[in-house]
Amino acid sequence: MSAWRRIGAILTKEFIQMRRDRLTSAIMIIMPIMQLILFGFAINSDPRHLPTLLYLEDRSAVVRSLKAGLQNSSYFDIKGEVQSADAGTKALQSGEAAFVVTVPAGFTRNLLRGDHPQLLIEADASDPSAASNAVAMIQQITASALIQDLKGEWAALAQGPPPVDIVIHRMYNPEGISQYNIVPGLLGVILTMTMVMITSIAMTRETERGNMENLLAMPARPWEVMAGKIIPYIGVGIVQTAIVLLASTFVFGVPFLGSVWLLSLGVGLFIIANLAVGFTFSTVARSQMQAMQMTFFFFLPSIMLSGFMFPFRGMPAWAQWIGQVFPLTHFLRVVRGVMLKGSDFAAMWPNIWPMLIFIAVATAVAMLRYRSTLD
Amino acid sequence: MPDIAPDLAIDVRGLTKSYGKLKVVNAVDIRMPRGQVWGFLGPNGSGKTTTIRMLCGLLKPDAGDGTCLGYDILKQSREIKNQVGYMTQKFSYWEDLSIRENLEFVANLYDLKNKKQIVDKTLETLGLSSRQKQLAGTLSGGWKQRLALAACTLHNPKMLMLDEPTAGVDPQARRDFWDQIHRLSSEGMTVLVSTHYMDEAERCDQIAYIAYGNLMAQGRVEDIIDRSGLYTFVAEGTGVRDLMESLRSQPGADHVAYFGNALHVSGGDLEALKRLVAAHQVSGIKWRQERPNLEDVFIHLMRQSKDNSVAV
């Protein structure tokens with residue numbers, strides 16, 4: 001059958017070409033492995049070990065049992081104590097703590113009297129899914145922690161209605177509206193996708209079409225070429241930001257509590273970080289196709305490990321470490337922090353400096369890789 | 001760096017470049033006076049493009065040094081780029097920009113004064129004023145080449161390096177192009193053109209022939225032919241073509257080629273050639289000795305170079 005021979009000929013040619021394009025072949029193998037690792041090990045929609053701070057106005061054996069109970073539940077990771085309610089709020093704002101548990105003065109006395117004292121739990125609900133399981137478990141955790149202490153004459157307290165009146169404040173997103181979390185995050189995702197892709201392709205196109213040789217033969221310095229190629233896309237990024245923020249406010253009704261300037265700083269840094277990545281890719285990629293593949297290779301772990309799709313704190317430590325590298329991780333915290341929590345510069349600084357370092361490294365790599373000759 | 005020979009546009013020694021194990025350019029020396037038109041010849045893949053790229057600072061040589069327009073080719077590539085116009089082998093202006101936009105872009109990159117005037121004048125000289133808004137990608141091959149030449153001379157360079165500018169261009173356009181080159185040369189521009197065409201080589205003041213990375217010959221066309229040590233006999237008449245195969249295998253006939261209705265038999269050994277010719281005296285075929293032409297010499301040089309590189 002000559003049809004089979006012809007199919008065979010095309011097939012052979014296809015295999016040869018596939019083998020020649022090393023990057024594509026590598027990505028075809030690495031992509032599934034990366035996805036298996038990410039989905040199989042890194043992602044967990046039931047986050048535990050959430051950082052928790054205590055504000056104790058009452059210290060007693062009962063409070064200590066409560067503390068031990070929280071810790072043992074594996075949902076809460078007691079990081080320490082704060083000395084004022086204000087310090088607790090700050091920790092929630094900066095994202096340092098996911099929960100602040102306040103034990104009010106006279107808690108033990110009122111408990112033993114059977115007065116059902118209040119136990120205040122402030123939860124960072126800006127990501128509703130991250131906090132929800134822990135919040136759902138809190139009643140049960142307190143009850144079982146206290147059962148150890150409520151013995152003898154107090155045993156009756158453990159029987160009837162819950163001995164403690166648990167007050168939960170879902171901070172920053174009391175109704176648990178998921179758009180509040182997703183829409184600002186989407187800004188980061190859109191910027192990552194377009195900024196990296198657009199720059200890497202724009203530069204690779206010059207090489208692919210042979211314009212690069214001409215550009216290099218003319219007296220433009222590398223940084224002049226880089227600046228000239230990147231600045232237009234900063235403009236594109238700003239337009240995209242405006243669109244998402246307008247839609248976020250007027251279509252989705254997402255609150256905007258913080259400073260526009262602080263957010264602008266965050267957006268600016270984030271755009272530059274992504275453009276630097278795109279430029280670096282363009283110095284490696286030999287074709288627009290490869291630039292596109294490399295973009296996806298960066299994009300996929302970015303959205304998986306940054307806390308956009310799945311709670312950041314639900315991931316194992318190694319995945320969080322990798323996640324910290326991506327600028328999207330830090331940008332998400334800034335955009336959510338500024339919009340939903342009204343965080344100030346000091347609270348956001350821990351997420352701003354990693355972006356600065358990322359920019360410095362990515363730009364250095366781009367400049368080193370950029371060839372001012374055709375070598 | 002002191003300018004030792006101010007009358008030389010190019011003065012390089014030992015220029016060498018390898019890609020992996022392959023030595024593309026091997027210890028090439030070029031001393032080219034200012035104001036001349038030089039042809040750079042050689043078979044495909046002989047290192048012409050690589051040499052030109054090294055001369056104008058687009059590639060870093062592995063070894064060798066020298067100057068281009070008095071500037072160090074290793075350290076002063078910016079100065080060289082400012083004063084050299086380089087036309088790439090493949091059209092490398094922006095196909096999705098209009099003709100005018102391309103010229104304006106170039107004018108801006110060189111930071112020219114009176115940009116608008118220069119661009120207007122160039123468009124007029126090209127005869128493209130009415131089509132200035134047309135995208136460069138929609139131009140035909142000949143027009144693209146004219147646009148490229150106009151663009152790479154926009155900044156009024158002292159030297160032009162043209163990499164196979166006439167490949168795939170029709171004869172009329174080729175002739176126009178060479179008129180342009182001679183016009184530029186008469187204005188004092190030094191021109192280095194790489195080409196495959198023998199007729200173009202003969203339009204040059206001097207030629208340099210490079211094969212397999214080695215500079216094989218350099219000088220005036222006549223001198224190169226004289227120095228080649230090559231002798232050519234031409235056979236004409238009916239049935240000469242049938243002689244070709246039998247002559248090819250004979251000692252003394254280094255190469256045999258058929259063109260212009262005649263058989264050209266060339267070799268370095270005159271006595272052996274004469275014996276060969278005597279042995280092939282067939283009725284109806286007339287033999288005569290002729291001065292070898294440039295093509296004979298080049299093919300001869302190419303074979304020599306190949307033999308050398310195989311020996312190495």
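Q: What does the secondary structure of chain A come to?
A: Chain A has 15 helices and five strands. Helices (H or I, at least four residues) and strands (E, at least two) are DSSP runs, numbered from the N terminus. This is a predicted model, in which local features need pLDDT of at least 70 and side-chain atom pairs count only at pLDDT 80 or more, while totals for chains, interfaces and linings use all residues. Residues are numbered from 1 along each chain as its sequence is written, and chains are lettered from A and ligands numbered from 1 in the order in which they are written.

Q: Why is H8(A) called roughly antiparallel to H10(A)?
A: Helix H8 (residues 178-208) of chain A packs with H10(A) at an angle of about 160 degrees, the axes being 10 Å apart. Axes are lines fitted to C-alpha atoms, for helices over the stretch in contact, and angles run from 0 to 180 degrees between N-to-C directions. Angles under 35 degrees count as roughly parallel, over 145 as roughly antiparallel, 65 to 115 as roughly perpendicular and the rest as oblique. H8(A) is therefore roughly antiparallel to H10(A). Their crossing is right-handed; a crossing is left-handed if the near helix is turned anticlockwise from the far one by less than a right angle, and right-handed if clockwise.

Q: What makes up the contact of H8(A) with H10(A), by class?
A: It has 14 nonpolar, six polar and one charged residues. Ala, Val, Leu, Ile, Met, Phe, Trp, Tyr, Cys and Pro count as nonpolar, Asp, Glu, Lys and Arg as charged, and the others, Gly among them, as polar. Among the residues that make the contact are A:Leu187 and A:Ile198 of H8(A), and A:Lys229 and A:Val244 of H10(A).

Q: Why is H10(A) called oblique to H11(A)?
A: The axes of helix H10 (residues 222-250) and helix H11 (residues 260-284) of chain A come within 10 Å and cross at roughly 135 degrees. That angle makes H10(A) oblique to H11(A). The crossing of H10(A) and H11(A) is right-handed. Residues including A:Met226 and A:Tyr233 in H10(A) meet residues including A:Val267 and A:Phe279 in H11(A). This contact of H10(A) with H11(A) divides into eight nonpolar, two polar and no charged residues.

Q: What makes S2 and S5 of chain B edge strands?
A: The order S2-S1-S4-S5 (chain B) forms an open sheet of four strands with antiparallel pairing. Strand S2 (22-33) and strand S5 (71-72) of chain B each have a single partner strand, so one side of each is left without a neighbour in the sheet. Two strands pair if DSSP finds at least two bridges between them. Eight bridges join strand S1 (residues 8-19) of chain B to S2(B), and B:Val12 stands opposite B:Ile30 in S2(B).

Q: How do you know that S3 and S8 of chain B pair?
A: Strand S3 (residues 37-41) and strand S8 (residues 190-195) of chain B share five bridges in the parallel sense. B:Leu41 has B:Thr195 in S8(B) as its bridge partner. Both strands belong to an open sheet with the order S6-S7-S8-S3-S9-S10 (chain B) and mixed pairing.

Q: Why are H3(B) and H4(B) called oblique to each other?
A: Helix H3 (residues 99-109) and helix H4 (residues 115-126) of chain B pack at an angle of about 135 degrees, with their axes 10 Å apart. They are therefore oblique to each other. The crossing of H3(B) and H4(B) is right-handed.

Q: How many residues of chain B are in contact with chain A?
A: 16 residues of chain B are in contact with 12 residues of chain A, where contact requires that the C-beta atoms of two residues, placed from the backbone, lie within 7 Å. The largest share of the chain B side, three residues, comes from helix H2 (residues 77-83) of chain B. By class, the side of chain B that touches chain A has eight nonpolar, three polar and five charged residues.
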